[in-house]
Amino acid sequence: ETIRHRPGGSPASNRGKDAPLAAFSIGNFQIMPQTLRICVVGILAFKLLGGRFWAVSPSSFTNLGSFARFSIPATEKYATAAQRVQIEKLGRLVGCHTCGARRLFDFTSKAKFHGDHVPPKAVTKQMNGRWFRRIFNIQVRQRFFPQCVDCSNQQGSILSAASQKLAAFDKPWWLARKPNLARAGGGKMAYFHGMRFRPAHLAGGVVAGVTVVRASDEEIRDGNERRFREVQDAMEATLRRVFYGLRDK
């Protein structure tokens with residue numbers, strides 16, 4: 001589809017302080033630049049506050065969780081004493097990679113986090129057994145991520161049941177697919193974390209703050225276009241400095 005702008009002239013010609021908004025049309029859809037500015041500010045605030053788009057979905061117990069941040073190298077063996085100390089520190093810092101809990105007020109156990117193999121050992125074994133990995137000798141690499149005791153127990157229960165189904169599977173491959181252990185902890189079995197607060201949830205508040213803080217009633221009524229244009233100009237100036245700085249090097 002042809003992208004047009006209204007009113008006449010190039011988009012750059014409408015960048016004056018008193019110039020009217022130029023509405024962009026993509027097919028039958030009309031998008032105001034102010035809408036794009038608000039979206040960009042919201043997305044940047046979401047990212048700067050630690051948000052990740054893929055982490056919106058529920059956490060799988062048999063794959064990388066929605067709260068995964070930092071990890072350490074892992075082998076097929078269980079974590080060593082030194083690695084368990086590192087995992088405990090990571091867990092208290094960033095929380096369980098599955099549910100996000102830091103367990104700061106849990107005084108019932110000394111070890112609050114386990115070193116979770118990602119992918120889990122049973123999943124890795126199934127993945128490494130696939131024909132193309134055997135032929136090309138492509139092995140799955142594992143990492144240790146902090147996982148709280150509750151999620152670790154839940155993961156063990158899910159993988160145990162799924163592994164039993166896989167062991168009992170006796171149908172030929174052309175009639176049915178083998179159970180995929182990597183997917184066993186997803187779907188209905190996944191951990192729903194929609195009610196757990198995260199700083200990225202304040203992204204909407206940042207957009208609201210940019211709109212209303214120290215703004216007149218008139219500016220608030222029109223969405224404070226002036227301020228969002230100032231934010232846009234500042235972002236463009238920063239990008240130009242970075243671009244020309246890299247180019248000069």
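**Note on the predicted model**

1. Overall make-up. The protein has 8 helices and 6 strands, and it should be kept in mind throughout that the model is a predicted one. Read from the N terminus, the elements follow the order β-β-β-α-β-α-β-α-α-β-α-α-α-α. Of the 249 residues of the protein, 35% count as buried, while the accessible surface comes to about 16800 Å², with 61% of that area belonging to carbon and sulfur atoms. When contacts between residues at least 6 apart in sequence are considered, 60% of them join residues at least 24 apart.

2. The sheet. An open sheet is formed by 3 strands in the order S4-S6-S5, and the pairing is antiparallel. Its edge strands are S4 (72-73) and S5 (113-118), each of which pairs on one side only. Between S5 and S6 the antiparallel pairing extends over 6 bridges, whereas S4 is joined to S6, again in the antiparallel sense, by 2 bridges.

3. Bridge partners in S6. His114, in turn, has Gln147 in S6 as its bridge partner.

4. Burial of S6. Strand S6 is largely enclosed by the rest of the structure, because 5 of its 6 residues are buried.

5. The largest nonpolar core. This core has 22 residues, and those that touch the most other members are Cys96, Cys99, Val123, Phe144, Cys148 and Cys151. Two or more residues are given to the core by each of helix H2 (81-94), helix H3 (121-128), strand S6 (143-148) and helix H5 (149-168). The largest share, 4 residues, comes from H5.

6. Surroundings of Cys99. Which residues are in contact with Cys99, once its neighbours within four places in sequence are left aside? They are Phe67, Cys148, Cys151, Tyr191 and Arg196.

7. A nonpolar patch at the surface. Trp131, Phe132, Ile135, Phe136 and Ile138 together make a nonpolar surface patch of about 580 Å². One of these residues, Ile135, lies in helix H4, which covers residues 131-136. Ile135 counts as exposed because its relative accessible area is 59%, and the cut-off for that label is over 50%.

8. Salt bridge in helix H2. The count of salt bridges comes to 4, and one that deserves a look is formed by Glu88 and Arg92, whose closest N and O atoms are 3.7 Å apart. Because the two residues are 4 apart in helix H2, Glu88 and Arg92 are separated by about one helical turn.

9. Within helix H8 (residues 225-248), Arg229 and Glu225 are 4 residues apart and so are separated by about one helical turn. Their side chains meet in a salt bridge, with an N to O distance of 3.8 Å. Both Arg229 and Glu225 are buried.

10. Through salt bridges that share partners, Glu219, Arg226 and Glu230 are joined into one network.

Note on methods: Residues numbered from 1 in each chain as written. Predicted model: local features only at pLDDT ≥ 70, side-chain atom pairs only at ≥ 80, totals over all residues. Heavy atoms only, no water. Patch = residues over 30% accessible without salt bridge, like charges linked within 9 Å, V, L, I, M, F, W, Y side chains within 5 Å. Areas by Shrake-Rupley, 256 points an atom, 1.4 Å probe, with all protein chains shown as cover. Buried < 20%, exposed > 50% of the residue type's maximum accessible area, 1.4 Å probe, protein only. Core = buried A, V, L, I, M, F, W, Y, C linked by side-chain atoms within 4.5 Å. Contact = heavy atoms within 4.5 Å. Pairing = 2+ DSSP bridges.
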